[in-house]
Amino acid sequence: MFSWLGTDDRRKKEPEVFQTVSDGLKKLYKTKLLPLEETYKFHEFHSPALEDADFDNKPMVLLVGQYSTGKTSFIRYLLEQDFPGMRIGPEPTTDSFIAVMHGDIEGVIPGNALVVDPKKPFRKLNAFGNAFLNRFVCAQLPNPVLESISVIDTPGILSGEKQRISRGYDFAAVLEWFAERVDRIILLFDAHKLDISDEFSEVIKALKNHEDKIRVVLNKADQIETQQLMRVYGALMWSLGKIVNTPEVIRVYIGSFWSHPLLIPDNRKLFEAEEQDLFKDIQSLPRNAALRKLNDLIKRARLAKVHAYIISSLKKEMPSVFGKENKKKELIGTLGDIYKRIEREHQISPGDFPNLKKMQDQLQAQDLTRFQPLKPKLLEAVDDMLANDIASLMVLVRQEETQHPNSAVKGGAFDGTLNGPFGHGYGEGAGEGIDEAEWVVARDKPAYDEIFYTLSPVNGKVSGANAKKEMVKSKLPNTVLGKIWKLADIDKDGMLDDEEFALANHLIKVKLEGHELPSELPAHLIPPSKRKLSE
C-alpha cells in the first residue's frame, strides 16, 4: 500500500549523477549544505556563502610577505613581463591587493567594479567596505601562465612603527578570506630580514587552518655566502616553529626569484633544484584544482555541522521569557564546556571546532533567542552528501585527471628550463655525455675492465653471482643494485659482458654521486655494440 514511500527513500540513498566535478560541487552546495548554513547563520560567524564563480575559477596563488621580500618581482619572474599596476622598489610600494588574471586586453579593473562582476570570485569582498575596495584591483593581461592560474599580490606586511598605523580595514581577515579560496599560499621571506613582526605573526595565525596550502620561499638567497645561508635557514625555521604550532616542518624553498645575475653563484645548483621543485608544485595546481575544491567543501561541511550543533545547543539553553541577558553571559562564559558536551554526544574531533575565543566574541553581538533549534533533516542531508555524493564525485575527479593529464601551467618562467641544455639536471648524472659522440662510459672502462677480468669471466661474460660480489662493495641496497642490474643486463641473459659490466659500474657511480637512476636506459648509455640489439 505504501510502496511509494520505499522508492522515495531509496532515491535519497542513491548518490546524484553529475557531468563534471564543478557542476556537482555547485549542486551539492546549493541543495544540501547551503540550507544548513543559512539556518544557523554560518555566514555571519565564519565565511560568506559560496557562489558559482568560486567553483568555476582558475586555481589561485596568494603571495604573502613583509615589504621588500620580492612578492611583485616573483610574479614578474613567473610571467616574464610587466603587469598593469606593478611597482617594484626597496620600500613598501605595493599598497593594494592586486589580482593578476588573464584577459584579452591589458588593463586594470578597480575594486568596486570587480566585486559586482558575477564571473569573478570576488563578490563577497564587498563586506570589507570601501577602505578595502579602494585598495583592491584586478590587473588583466594576455599571458600564457595566466591561462592556467591567477596570482594575488598583497601589500607588504608592516613592521616597527609602520604597523601601528591602521590600514582602515581588517588586513588579517581579508587574507583569511583569500586563504579559504586559493589553491596555494606562498610566504616570502627576505634572506636579510627574518624578523617576524606582530602583524606578520597575526597573518600567519589567520592562515592556521590552511597549512596544507602554505609553501615558504626564502628569497634573495644569492646575496649571502653559503655559511651565512645555513644560519639564515636555521633562524627562519626556528622563527616559523614558534608561530606555526605544528610538529611537522614547513617546506622551505631557497632561491633568488628574479631574472638578474646571481650575486654569489656558489649555490647555483641548489637554487636550480629548489626552483624546479617549487615550479612543479605550482604547475600541478590545475591538475589538482577539482580535488582541492572538493577537499575545501568537505572541510566547510564539517565546520558547518559543528556550528549547527553549537547554535542549536545555545538556543536550547536560552529561557523563553525572563533572565535572557544573564543566561546569555553564562552560556558564552561556559562555551568551552558546551564544546566538550557536543564533542562527546556526537563523536566529533576537537580539531573540527571553531576558535573558542573568536566564537565567544562573535556571540556577544548576537540575539541567542533568535537562533534555530536542531533540525535533523538538514544535518542528514549534509551527512548523506559526505557519505554518498562525495564518493561519486571522487570517481569523477579521477576521470577528469586522466582526460587532461597534461593540464600543467605553461609559458613564462615555466618554459625557460625546457630550452636546450638548460633543463634541470641536463648533462648530469645519467644524462652525462648525452651530447657526446663517444660512449661516456668508455672514459672509465679501462679501470672497470681490470676488475672485470679478476671475476673469472667465461666466454667473455661474468656470472650474476660473481658480479654481485663486486657490486655489493658499493654498499648500495639490494633494491637499487637490482634496478642497476636490470638496466645494465641489456641482452637479458643473466650475465654481464665487459661493456655491460662497465655500464653497471657507471650507474653505481651515478647513484653514489647523489643522482637518481633513470627508469629506462637512455640511448646515449647503451653500449655501441648493443645499439642494434635495442632497436
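**Getting to know the fold, one question at a time**

Q: At 14% relative accessibility, does Gly412 count as buried or exposed?
A: In this predicted model, Gly412 has a relative accessibility of 14%. A residue needs to be under 20% to be called buried. Gly412 therefore counts as buried.

Q: Where in the chain does Gly412 lie?
A: Helix H16 covers residues 376–403 and helix H17 covers 413–416. Gly412 lies in the loop between H16 and H17.

Q: How far apart in space are Gly412 and Arg76, C-alpha to C-alpha?
A: Along the sequence, these two residues are 336 residues apart. Gly412 also touches Leu78, Leu79 and Glu80, among others. In space, the C-alpha atoms of Gly412 and Arg76 are separated by 9.3 Å.

Q: How many of the nine residues of helix H5 are buried?
A: Let's look at residues 71–79, which form H5. The buried ones are Lys71, Thr72, Ser73, Phe74, Ile75, Tyr77, Leu78 and Leu79. H5 is largely enclosed by the rest of the structure, because its buried residues number eight.

Q: Which residue just after H5 takes a positive phi?
A: Helix H5 covers residues 71–79. Just after H5 comes a residue with a phi of about 60°, and that residue is Glu80.

Q: Are H2 and H12 roughly parallel or roughly antiparallel to each other?
A: Helix H2 (residues 21–39) packs on H12 at an angle of about 10°, with the axes 11 Å apart. Angles under 35 degrees count as roughly parallel. H2 and H12 are therefore roughly parallel.

Q: By class, how many nonpolar residues does the contact of H2 with H12 have?
A: On the H2 side are Val21, Leu25, Tyr29, Leu33, Leu36 and Glu37, while the H12 side includes Ala290, Leu294 and Arg300. This contact has no polar residues and four charged ones. Its nonpolar residues number eleven.

Q: Are H2 and H16 roughly parallel or roughly antiparallel to each other?
A: The two helices pack at an angle of about 165°, with their axes 10 Å apart. H2 passes H16 in a left-handed crossing. Angles over 145 degrees count as roughly antiparallel. H2 and H16 are therefore roughly antiparallel.

Q: How many nonpolar residues are in the contact of H2 with H16?
A: Among the residues that meet are Leu25, Leu28 and Leu36 in H2 and Leu379, Val382 and Val397 in H16. Two residues of this contact are polar and four are charged. The nonpolar ones number 15.

Q: Are H12 and H14 roughly parallel or roughly perpendicular to each other?
A: H12 (residues 285–317) and H14 (residues 335–346) pack at about 115°, their axes 10 Å apart. H12 passes H14 in a right-handed crossing. Angles of 65 to 115 degrees count as roughly perpendicular. H12 and H14 are therefore roughly perpendicular.

Q: Which residues of the largest nonpolar core touch the most other members?
A: In soluble globular proteins, nonpolar side chains tend to be buried together. Here the largest nonpolar core has 48 residues. Phe178, for example, touches residues including Leu62, Leu125, Phe132 and Ile152. The members that touch the most others are Phe97, Phe122, Phe178 and Leu218.

Q: How many residues are in the second, separate core?
A: This second core is separate and includes Leu28, Leu368, Leu379 and Val397. Leu28 is in H2, and Leu379 and Val397 are in H16. The size of this core is 45 residues.

Methods
Residues are numbered from 1 along each chain as its sequence is written. This is a predicted model: local features need pLDDT of at least 70, side-chain atom pairs count only at pLDDT 80 or more; totals for chains, interfaces and linings use all residues. Side-chain values use heavy atoms; hydrogens and water are left out. A nonpolar core is a set of buried Ala, Val, Leu, Ile, Met, Phe, Trp, Tyr and Cys residues joined through side-chain atoms within 4.5 Å. Buried means under 20% relative accessible area, exposed over 50%, partly exposed in between (1.4 Å probe, protein chains only). Contact means heavy atoms within 4.5 Å. Axes are lines fitted to C-alpha atoms, for helices over the stretch in contact, and angles run from 0 to 180 degrees between N-to-C directions. Helices (H or I, at least four residues) and strands (E, at least two) are DSSP runs, numbered from the N terminus. A crossing is left-handed if the near helix is turned anticlockwise from the far one by less than a right angle, and right-handed if clockwise. Ala, Val, Leu, Ile, Met, Phe, Trp, Tyr, Cys and Pro count as nonpolar, Asp, Glu, Lys and Arg as charged, and the others, Gly among them, as polar. Lists of a residue's contacts leave out its neighbours within four places in sequence.
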